[in-house]
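This report covers strand pairing, aromatic contacts and salt bridges in one model. The sequence and structure are shown first.

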Amino acid sequence: MKRLAASVTVLLLFLLLPVQAFAQDGGQVEVSGRVEHGANAVSFDPTQARVTLSVLEGVTLVSQETALPDESGAFRFPAAVAAGRTFFFSVEYQGATYSAVRGPGELSDPVVVTVFDATNDTSVLTVQSHTVIVTGAVADEGFVEILERAIIRNDSDLTLTPDLNAEGPAMLSFLRFALPPGAYNLDVRSNITGGQVLEVDRGFALNSPIPPTAPGQPHQFEFVYRLDYDDPTLDLSRTMRFGAESVRFVVPVDVATPSSPRLSDLGATDLDGRLLRLLEGQNVAPAEVLDLTVSGLPKQSALDVARESAGEWYVRYAIPAIVGATAVVLLLLSFRRRRAVAAPGASREQLLAEARVLHGAYELREISTGSYAGRMRDLRDALVQADVRERLSETSDGVRTED
């Protein structure tokens, strides 16, 4: 009886467990969900949407299935659930892709993916804030690095979908950002899935669809690039195609000084031990030209400029020439000093004084042994000549010379 009761208990627990609890070994389950319209459009036809389920283990694609919802928007997929797997649902509708992600323990409730009608009109977008940050300058290489952040809302019930068939460079239905001339090493990131970065005149564009903004979850874009500079003043002005409710211009005080006639200088503030100067402005109109300038950028040293200008010629020819010229100058100075020691006409007292100075310099290791010996030899010769001159002078004056 005890064994029977235990078996019944185990059987009841087995029946009451959710499907996901024993799917860790790869058990098959049915995943259900539905496609809904975010604006409750009367004309919405769910069968025009296409749903794809991609099962991933880490970054490895395990399986992929595609299905069409029924007239109510419902869809179902068979799936093998296992620990460490991620279930990625994507719905394509009117040129835009919408997605939802679930873990292996989150599949008991239906997956709901909300879609919207599409538009090519960029007026549905509002730039909530745009920040330009000069992160630093490398004087030796002559470039500055700039980080820009934009927070964008879509307050409509339509998804902005770029018209990929539009001709010409304007790309009027694309989300676009202007860059200063000469920008390079561009890196773009956002919290929107999919899309590509496309180069356009004076900036770049994104072909990512921009869906309506969920409450408290605006779309965020961040991009970094570099600019070369030769002059300590650099122009960062650009046309604000979509305008902005708020614009900020931030520059570290130890890098450069920011200025803009459109923005107010709010002074410097300390951020993590670094002093930053902040300029801010409100309500920048669409297509308004925003003047931004930094001045006082660090300059290269004259030696660095000469080296960069001359390139390999500087290394192969200029440096050896400078070293050779320096050696010649030192040799001439040494020769002049040597001749000065042995200059004719020096008195005995002068030569002895020079010998004492020379000996002191040698003891202090200010001159080499060879130089000391040579100059001392010259001094001895000069002393002999001085003695001879004195003896001849005394003889000519009739004075008897004694040893």
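## Sheet

S14 and strand S15 (residues 203-206) run antiparallel and are joined by 4 bridges. One of the residue pairs is Leu198 with its bridge partner Ala205 in S15. Strands here are DSSP runs (E, at least two residues), numbered from the N terminus, and two strands count as paired if DSSP finds at least two bridges between them.

The pairing belongs to an open sheet of 3 strands in the order S12-S15-S14, with antiparallel pairing. S12 and strand S14 (197-200) are the edge strands, each pairing on one side only. On average, neighbouring strands of this sheet are turned by 30° against each other, direction ignored. The axes are lines fitted to C-alpha atoms, and angles run from 0 to 180 degrees between N-to-C directions.

## Basis of the values

The model is predicted: local features need pLDDT of at least 70 and side-chain atom pairs count only at pLDDT 80 or more, while totals for chains, interfaces and linings use all residues. Residues are numbered from 1 along each chain as its sequence is written, and side-chain values use heavy atoms, with hydrogens and water left out.

## Aromatic pairs

The whole structure holds 9 aromatic pairs. In the pair of Phe177 and Phe223 the ring centres are 5.2 Å apart and the planes stand at 50°, so this pair is tilted. Phe177 lies in strand S12 (residues 175-178) and Phe223 in strand S16 (residues 219-228), so the contact ties together parts that are 46 residues apart in sequence. For these counts, rings of Phe, Tyr and Trp (its six-membered ring) pair if their centres lie within 6.5 Å; planes under 30 degrees apart are stacked, over 60 edge-to-face, and the rest tilted.

Phe177 and Phe223 are both buried. Buried means under 20% relative accessible area, exposed over 50%, and partly exposed in between (1.4 Å probe, protein chains only). A cluster linked by ring pairs contains Phe177, Phe204, Phe221, Phe223 and Tyr225.

## Salt bridges

The search of the whole structure finds 15 salt bridges, each being a side-chain nitrogen of Lys or Arg within 4 Å of a carboxyl oxygen of Asp or Glu. Arg189 and Asp187 form one of them, at 3.4 Å from N to O. Arg189 is exposed at 54% relative accessibility, and Asp187 is partly exposed at 33%. Arg153, Asp155 and Glu245 are linked in a network of salt bridges.

In one, the side chains of Asp254 and Arg274 meet at 3.6 Å, N to O. Asp254 is exposed, with a relative accessible area of 57%, whereas Arg274 is partly exposed at 31%. In the other, Asp265 and Arg277 meet at 3.2 Å, N to O. Asp265 is partly exposed at 46%, and Arg277 is partly exposed at 25%.

## A loop residue

Asn40 sits in the loop between strand S1 (25-37) and strand S2 (50-57). With 67% relative accessibility, Asn40 counts as exposed. Asn40 and Asp157 are 117 residues apart in sequence, and their C-alpha atoms are 9.9 Å apart in space.
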